[in-house]
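Here is a friendly walk through a structure, with the cut-offs spelled out as we go. Have your viewer open and follow along.

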Amino acid sequence: MENYYSDNPCLKHHLNHPLMKRIVDLRERDYADKDVYDYAPVDFEDAMDSYEKVMEIVGEICGDVLAPSAEANDHDGPQLINNEVIYAKGTAEAHQKLIAAGLYGLALPRCYGGLNFSLIPYVMSAEIVARADAGFSNIWGLQDCAETILEFANDEVKAAFLPRVSKGETMAMVLTEPDAGSDLQAVQLKATLNENGEWRLNGVKRFITNGDAHIALVMARSEEGTKDARGLSLFVYDRKDKAVKIRRIENKLGIKGSPTCEMVFDNAPAVLVGDRRMGLIKYVMSLMNGARLGVGAQSVGIAEAAYREALKYAHEREQFGKPIIRFPAVYEMLSLMRAKTEAARSLLYETARTIDIYKSYDAIAHERKLEKEERDEQKAFSRKADMLTPILKLMASEYSNQNAYDAIQVFGGTGYMKDFPVERLYRDARITSIYEGTSQLQVVAAIRGVGNGALLNIIKEYENSEIPEKLHHLRNRLITLTEKYQEAVSYAQALENEEAWDFLARRMVEMAANIIMGYLLLLDAARNDYYSTSAHVFLKKIEAENVEKSVCILNFKSEDLGLYRVCAE
Amino acid sequence: MIFRIVVLAKQVPDTRNVGKDAMKEDGTVNRAALPAIFNPEDLNALELALQMKDQIPDSEVVILTMGPFRAAEIIRESMYRGADKGYLITDRKFAGSDTLATSYALSLAVKKLMPCDVVIAGRQAIDGDTAQVGPQTAEKLHIPQITYAEELVDINRESVTIKRRLERGVEVVQAKFPVMITVHSSAPDCRPRNAKLTMKYKHARATSELQEADSKYNDLRNARPYLIINEWTVADLNADDAWLGLGGSPTKVKKIDNVVLTHKDATVMTPSDEDIDVLMKELIASHVIG
């Protein structure tokens, strides 16, 4: 009888962010759908009321159905029977419940059977689904692939596949190969046109989450003789064609309820998405950005689950005559877990809002020409999203891991046993900083924003926001941190050594990320006193951390690289 | 002709989460202190009704609920899950009704909806636990009844086959229409609220609710008649006042005692892995072991 939406007041806080009026107005375009669809909102308040009511449904299913089966799904896992992936019993039931509740196609337009929701309630659903069962959240979350079809495929492909997604058919993004992991330019799977002008796929894909999905987006080399990204195109494969052999389901550390498959394409029919040669350059980049937002949501969900388990146990467990939560060593850990979760969550919804606005403009641009101010705004939000997305993926996934680690620490030996969910959370969290681009690759994406000042611009935007006077002292401290960040960046730039710049990149990116999250918590505190505690705790944490990073950068000399290169020789 | 399934559903105080204010000094239920919920077994009944609707083309599920205007929430909740419409039976004269007076009022309402093929309700409501209203309603309608339904085995235009959950086993029975069915808590859980249906019906209101609330969405209600929840009063049902409310209720509560139960409902566990798993989880959850 738990509701994972209403038991967490932070979610309502983010759902009701002041920017929502803009976001919903852009998505609903004069609320014209109300004359065509009986479930479309008539105005902004009505839309928000619908978001709230649907979030209640998601929360109820997460609490009553998903969470209680998470342990069994982790234990039982999916099976491969007659070339078909059979989900664990609880996974299959959860999937059916979510279908009955109409919770697939959340963000798809109504003409494709979707709910046309803003990204905010969609991402929020992803967060609480992951809190309930991180393994299952992959299967549910892969509906995000539909966004790529919506954005780039032609009308025929959209009409063929998108309504099926809204009805609950599952999806997969089929990119990775044995020799193409982080380096997707190396993809080899072959796409050839037959004499009838139809595409056929041949080759092997590995580590494919939900590989036996109804509808799969497959990246393949369509241009014979090419070796780089420019020879890759994106295709849709329909499972109804039965031309793929699922060779195995991987035995993994965590997210065991989610089947990770090796797939062999044997002359499999497929249809092209968008234009040839744009597969990796444009479509998969967009697909990956969506997936990174999804992993951000998943990470926050796991971080929240770990925090809650640890908090509950620390209150119940007595040692030395009192509940362990009363010991400073324990309550500090829990305060930090809470602050990290809330910081990552604030970054998650800030990123989602930013993406939402530019994507709405993209959609409007399909209908009419954008005005100049609209185009400018679209570009600004798109740039901001490009910066926030890797930072979100980097920080949220690391915090998710840290919280899961600390949760076991709070439980002590008990947490190391399989009797409590924290060990599962620990295993589930581990993948978040690896898939959809490792933390190291997120740094590669974000460091550009350190070099060209894009991250500083975001920081300055927050610095100039209005906040009540009682919080000015916090802002002053963030301004000091920003100065230290600029000093460290200038120093690293002055080294004029590309390798040293790369070496120091993660520290600089994290310094900026810390300041951004610090500001977001400050802005949350400005709207809601509840955040005051986490804003203070988080600021103390990052002040110490950024000093450490700054010392490391300012003491660094190019010749120091030699010390670290030894192991590479 | 449309196949009509009428669900009798009740809004009840949530007696499963009882706090210390749950009972007044005089021993009656303090409804203000308890959240109002959909009677759990009525949700099982709604699910069976919706399963029947899934299997019979050209069928409809109609909700009947009796209570104050806020009980219209039961009708909305049902529509969120797939019911087609509902009627709220509301009148001060119904207040204080026992099972006899309630089944009298419900039977008149069902008659107004005739021809009905199936009348279905939860076995009992958690605020009274009498399990009498369903059977009494069937008697007043002069239709056969199947009690303790657990599973819809089969249904077609001619007959329905139901598995009944009895104390020491199950029984499969078949009946022609019209028939009254009461549903046991071991029947499948009700399907969740559906997002689209929730958004479609969330502005549905009974007239007496509207008088209390803002009228922001009145234009919408005028344009979409399905957003008006029908209300029936004593006059609409042509009911005889003598059979209603406290006056029509021979049951009087003499006193209420606290009783400590020594024997709970027995559950039979088979020696299968699945049942042992269920038993272990229950023992762990109740901290008997672990």
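## Ground rules

A residue is called buried if 20 or more other C-beta atoms lie within 10 Å of its own, exposed if 12 or fewer, and partly exposed in between, with C-beta atoms placed from the backbone. This is a predicted model, in which local features need pLDDT of at least 70 and side-chain atom pairs count only at pLDDT 80 or more, while totals for chains, interfaces and linings use all residues. Residues are numbered from 1 along each chain as its sequence is written, and chains are lettered from A and ligands numbered from 1 in the order in which they are written.

Helices (H or I, at least four residues) and strands (E, at least two) are DSSP runs, numbered from the N terminus.

Most residues other than glycine have a negative phi, and most peptide bonds are trans. With that in mind, here are the exceptions to look up. Lys242(A), which is not a glycine, has a positive phi of about 45 degrees. Lys242(A) sits in the loop between β7 (232-238) and β8 (244-249) of chain A, and it is exposed because 11 other C-beta atoms lie within 10 Å. Phe320(A) also has a positive phi, near 50 degrees. Its loop runs between β10 (318-319) and β11 (322-323) of chain A, and Phe320(A) is exposed, with 7 other C-beta atoms within 10 Å.

In chain B, look for cis peptide bonds. The bond from Met114(B) to Pro115(B) is cis, with omega near 5 degrees, and Pro115(B) lies in the loop between α3 (99-113) and β6 (118-122) of chain B. The bond from Phe177(B) to Pro178(B) is cis as well, with omega near -5 degrees; Pro178(B) belongs to the loop between β9 (169-176) and β10 (179-183) of chain B.

## A helix crossing in chain A

Axes here are lines fitted to C-alpha atoms, for helices over the stretch in contact, and angles run from 0 to 180 degrees between N-to-C directions. The axes of α10 (residues 328-367) and α17 (residues 498-527) of chain A come within 9 Å and cross at roughly 90 degrees. That makes α10(A) roughly perpendicular to α17(A), on a scale where angles under 35 degrees count as roughly parallel, over 145 as roughly antiparallel, 65 to 115 as roughly perpendicular and the rest as oblique.

Two residues are in contact if their C-beta atoms, placed from the backbone, lie within 7 Å. From α10(A), the contact uses Glu342(A), Ala343(A), Ser346(A), Leu347(A) and Glu350(A), and from α17(A) it uses Ile516(A), Met517(A), Leu520(A), Leu521(A) and Asp524(A). By class, this contact has 6 nonpolar, 1 polar and 3 charged residues. Here Ala, Val, Leu, Ile, Met, Phe, Trp, Tyr, Cys and Pro count as nonpolar, Asp, Glu, Lys and Arg as charged, and the others, Gly among them, as polar.

## The sheet of chain B

Two strands pair if DSSP finds at least two bridges between them. In chain B, 10 strands form an open sheet in the order β9-β8-β7-β10-β6-β1-β4-β5-β12-β11, with mixed pairing. The edge strands are β9 and β11 (205-206) of chain B, each pairing on one side only. Strand β8 (residues 159-166) of chain B pairs with β9(B) in the antiparallel sense over 8 bridges, and Lys163(B) has Val172(B) as its bridge partner in β9(B).

Strand β5 (residues 85-89) of chain B is mostly covered, with 4 of its 5 residues buried. It runs parallel to β4 (residues 59-66) of chain B, joined by 5 bridges, and Thr65(B) is partnered with Leu88(B) in β5(B).

## Where the chains meet

16 residues of chain A are in contact with 12 residues of chain B. On the chain A side, α3 (44-76) and α4 (89-100) each supply at least two residues, and α3(A) gives the most, with 6 residues. By class, that side has 9 nonpolar, 2 polar and 5 charged residues.
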